[in-house]
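User: Hi, I'm new to this one and would like a walk through it. Could you put it up on the screen?
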Amino acid sequence: MSSLPTIRSPKVAGVGATLALALTLASCGDDGGREGGSSTAGADEEIGVSLITKNSTNPFFVAMQEGAQKEAEASNIDLTLAAGKEDGDETSQIQAIEEAVVRQDAGILITPNGPGVNPAITKARDAGLFVIALDTPPDPPETVDITFATDNFKAGDLIGQWTAETLGGEKATIALLDVFDDKIVSVDVNRDQGFLTGMGIDTADDGRNGDEEPTGTYSGGAGGDYEIVCNEPTNGAEDQGRTAMENCLTINSDINVVYAINEPAAIGANNALQAAGMDDVIVVSVDGGCAGVDAVKSGIISATAQQYPLEMATKGVDAINTIARGGEAPQTTEGLEFFDTGVKLVTDAPVDGVESIDTTEGTELCWG
């Protein structure tokens with residue numbers, strides 16, 4: 001879908017200028033020479049906010065929508081939901097951004113589908129909208145005013161460390177199941193390279209996947225030899241995760257480690273492994289949704305790094321609401337280029353030296 005329209009009240013003129021001024025005072029970045037009037041929204045006046053996710057089917061983004069709607073209802077915000085038709089659909093996101101500008105929304109929350117949306121984001125900011133990225137920092141990060149996200153590199157690093165410790169010196173024959181192979185998105189690169197770093201495998205260009213040495217030694221855990229069999233795209237989907245895993249198995253049937261960008265892709269990979277009669281493969285992923293935690297509990301996924309989309313969406317809506325009504329803009333987490341909303345490793349097979357929670361606690365914190 002491209003958008004879910006709502007009936008709106010007239011917007012207060014000049015919200016854009018207030019957003020730009022608040023951002024400047026908070027020193028969170030360049031205001032881009034924003035245009036607009038001089039008034040702010042009163043406490044009893046409704047403001048408009050758009051949430052634009054990568055798609056509308058992944059439980060991660062559904063949880064975001066639910067969290068944003070709950071916060072919007074409590075904050076006198078008229079929320080418009082929009083999404084790409086699938087991961088990578090930039091066109092639908094661009095349309096939704098343009099519609100938000102026409103409506104004179106106070107701000108936009110977006111999980112960018114790729115660099116193709118950057119010019120539209122810039123135009124929205126120039127028109128006075130405060131733009132917050134959720135989950136996926138754009139490239140470059142300053143394309144938006146601020147990002148609320150998981151430290152995706154840390155998420156990957158956690159499952160990489162856990163995998164290395166679990167292997168206990170055994171050779172790692174690795175399948176890497178990413179999102180894309182035709183575009184670069186930060187969440188894709190950071191999780192993949194975080195995993196390799198956690199394993200103790202050197203990466204090459206930190207801006208793209210798939211150029212590390214295909215064989216060598218990993219230094220994590222007890223250390224050992226490794227072989228990277230494949231980097232396959234999944235679009236973060238279960239069916240494409242299965243296809244990607246099948247493709248990898250045609251290259252090497254001895255794969256014993258699978259990194260998957262998210263839990264749907266990991267579950268799809270497991271389906272392919274089960275069909276091939278392979279039961280002893282380490283499968284790790286990132287997300288921490290309730291279905292994913294259940295998959296860890298049942299042994300479909302070995303470990304996952306849990307992130308918190310409800311936190312991202314709630315904080316994002318609250319930030320735009322605060323700024324539109326004359327408050328200060330949010331600031332990034334010290335030492336990072338974004339606001340870190342946290343990550344925890346979930347597994348029922350803990351290892352020394354890697355902090356984790358079990359699936360009971362993971363279920364208490366999960367979403368979707």
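User: How much space lies in the largest cavity?

Analyst: About 150 Å³ of space lies in it, where a cavity is a set of points, on a 1 Å grid over the protein atoms alone, at which a 1.4 Å probe fits but cannot get out, and the volume is the space filled by probe spheres set on the points, which are joined across faces, edges and corners. Please keep in mind that this is a predicted model, in which local features need pLDDT of at least 70 and side-chain atom pairs count only at pLDDT 80 or more, while totals for chains, interfaces and linings use all residues. Residues are numbered from 1 along each chain as its sequence is written, and side-chain values use heavy atoms, with hydrogens and water left out.

User: How many cavities of 30 Å³ or more are there?

Analyst: The count comes to 2.

User: Back to the largest cavity, which residues lie nearest its centre?

Analyst: Those are K54, F61, D87, R191 and N262, out of 14 lining residues, a lining residue being one with an atom within 4 Å of a point. Helix 2 (59–74) and helix 6 (186–199) are the elements that give two or more residues to this lining, with helices (H or I, at least four residues) and strands (E, at least two) taken as DSSP runs numbered from the N terminus.

User: Changing topic, which residues of helix 3 are buried?

Analyst: In helix 3, E90, S92, Q93, A96, I97 and A100 are buried, which means under 20% relative accessible area, while exposed means over 50% and partly exposed in between (1.4 Å probe, protein chains only). Seen down the axis of helix 3, the buried residues fall within an arc of 160 degrees, so they line one face of the helix; the arc is that of the directions from the helix axis to the C-beta atoms.

User: And what covers them?

Analyst: The cover includes strand 1 (47–53), strand 2 (77–83), strand 3 (107–110) and helix 4 (118–126), where contact means heavy atoms within 4.5 Å. On the other side of helix 3, T91 and V102 are exposed.

User: Where does Q104 lie, and is Q104 buried or exposed?

Analyst: Q104 lies in the loop between helix 3 and strand 3, and it counts as exposed because its relative accessibility is 52%. Its phi is near 60 degrees, a positive value in a residue other than glycine.

User: Last one, which peptide bond is cis?

Analyst: The bond from D139 to P140 is cis, with omega near 5 degrees, and P140 is found in the loop between strand 4 (130–134) and strand 5 (146–149).

How values were computed: 1 Å grid on protein atoms, 1.4 Å probe; cavity = no way out; pocket = protein on both sides within 12 Å on 5 of 7 lines; lining within 4 Å.
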